[in-house]
Amino acid sequence: MRIVLLGAPGAGKGTISKLLTAYDGSVQISTGDILRGAVKAGSDLGKKAKGYMERGELVPDSLIMEIMEARLHEPDAKKGFILDGFPRTIPQAEDLKKLLVKLAVNLDVAIDIEVPREVILDRLTTRRTCANPDCQEIYNVKSKPPSPDGKCLKCGSPVVQRADETEEAITQRLETYNEKTAPLIGYYRKEGLLKTISSLSSDEIVRQIIKTMNQK
Ligand code: AP5
């Protein structure tokens with residue numbers, strides 16, 4: 001499958017991407033994970049991105065397109081991809097369209113995951129993530145806790161809270177989403193690629209995505 005996952009911070013894009021990857025082997029490409037890896041590694045990209053991320057603002061489009069151009073040319077992307085957190089602005093969506101023409105592939109669908117704001121706020125303050133960059137399993141202290149001593153159930157690494165999970169950064173991320181990313185819903189509707197799914201169950205969302213793919 002070749003899909004874009006839209007949805008506010010905390011809508012469950014990362015969780016759903018991992019379930020879809022397990023379903024058919026398409027690769028999850030999360031710009032957030034790539035950027036957090038770069039910040040941790042202290043690379044040039046990480047140094048440029050760190051401040052924007054901690055404030056809950058978007059990293060400049062030019063940096064993101066450099067990452068994505070390289071990532072989508074990697075051989076594993078030929079199996080199919082789930083774009084988690086990209087595109088996030090209209091210029092990114094337009095550049096993605098051109099990039100896919102260059103790669104001679106089509107996008108199957110853009111999924112908008114709709115979740116009420118109060119649920120999102122609760123999920124973001126209770127999320128924890130595996131600190132191992134090769135794992136990054138997502139946990140939630142209420143719905144999917146790590147081990148009692150705070151370790152990842154998959155790889156045993158410490159499970160931590162993200163740097164952009166302060167109340168201030170969460171509020172800013174939601175504002176940024178409404179202003180810059182929500183307009184992509186209209187963009188993909190016009191492209192005839194939009195499918196909206198309103199559900200609080202990850203399994204139900206995955207079931208609906210697979211059903212949509214099977215109808216293509
Ligand atoms: P990014 O990492 O993409 O963050 P985000 O969009 O804010 O999304 P999240 O990862 O917070 O949430 P999610 O929707 O993946 O939810 P999750 O599955 O974890 O980006 C971080 C930053 O990087 C941005 O702010 C920006 O600075 C920069 N950036 C990234 N991409 C960029 C781009 N393209 N352009 C410019 N800048 C960019 O779930 C959340 C919680 O809920 C978890 O605890 C989970 O366990 C729980 N949960 C999920 N589903 C359910 C369920 N069904 N029931 C109960 N709990 C659930």
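Student: What should I know about the model before going on?
Tutor: It is a predicted model: local features need pLDDT of at least 70, side-chain atom pairs count only at pLDDT 80 or more, and totals for chains, interfaces and linings use all residues. Residues are numbered from 1 along each chain as its sequence is written, and side-chain values use heavy atoms, with hydrogens and water left out.

Student: OK, back to the ligand. How far is its nitrogen from L200 and from S202?
Tutor: A ligand nitrogen is 2.6 Å from a polar backbone atom of L200. For S202 the side chain is involved: one of its N or O atoms is 2.9 Å from a nitrogen of the ligand.

Student: How much of the ligand does the protein cover?
Tutor: The protein covers 93% of the 1,000 Å² of accessible area that the ligand has on its own. Such areas come from the Shrake-Rupley method with a 1.4 Å probe; for residues, only the protein chains shown count as cover.

Student: Which elements give two or more residues to the shell?
Tutor: They are α1 (13-24), α2 (31-41), α6 (117-126) and β6 (138-140). Helices (H or I, at least four residues) and strands (E, at least two) are DSSP runs, numbered from the N terminus. α2 gives the most, with four residues.

Student: And how many residues surround the ligand?
Tutor: There are 34, and the closest are T15, E57, R88, R127 and L200. A residue is near a molecule or strand if one of its heavy atoms lies within 4 Å of it.

Student: New topic. Is strand β4 mostly covered or uncovered?
Tutor: Covered: five of the six residues in β4 (109-114) are buried. Buried means under 20% relative accessible area, exposed over 50%, partly exposed in between (1.4 Å probe, protein chains only).

Student: Which strands does β4 pair with?
Tutor: β1 (2-6) pairs with β4 in the parallel sense over four bridges. β8 (194-198) is also parallel to β4, over five bridges. Two strands pair if DSSP finds at least two bridges between them. I111 has L5 as a bridge partner, and in β8 the partner of I111 is K195.

Student: What about β3?
Tutor: Both of its faces are covered: F81 and L83 on one side and I82 and D84 on the other are all buried. β1 and β3 run parallel over four bridges, and four bridges also join β2 (27-30) to β3, again parallel.

Student: Which strands form the open sheet with β5?
Tutor: The order is β6-β5-β7, with antiparallel pairing. β6 and β7 (159-160) stand at the edges with a single partner strand each, so one side of each has no neighbour in the sheet.

Student: Last one: why does Q92 count as buried?
Tutor: Because its relative accessibility is 3%. Q92 is found in helix α5 (90-103). Its side chain makes a polar contact of 2.9 Å with that of D61. Beyond neighbours within four places in sequence, Q92 is in contact with D61, I64, M65, F86 and P87. Contact means heavy atoms within 4.5 Å.

Notes:
A polar contact is a pair of N or O atoms within 3.5 Å; within protein, one must be able to donate a hydrogen and the other to accept it, and residues adjacent in sequence count only if both atoms are side-chain atoms.
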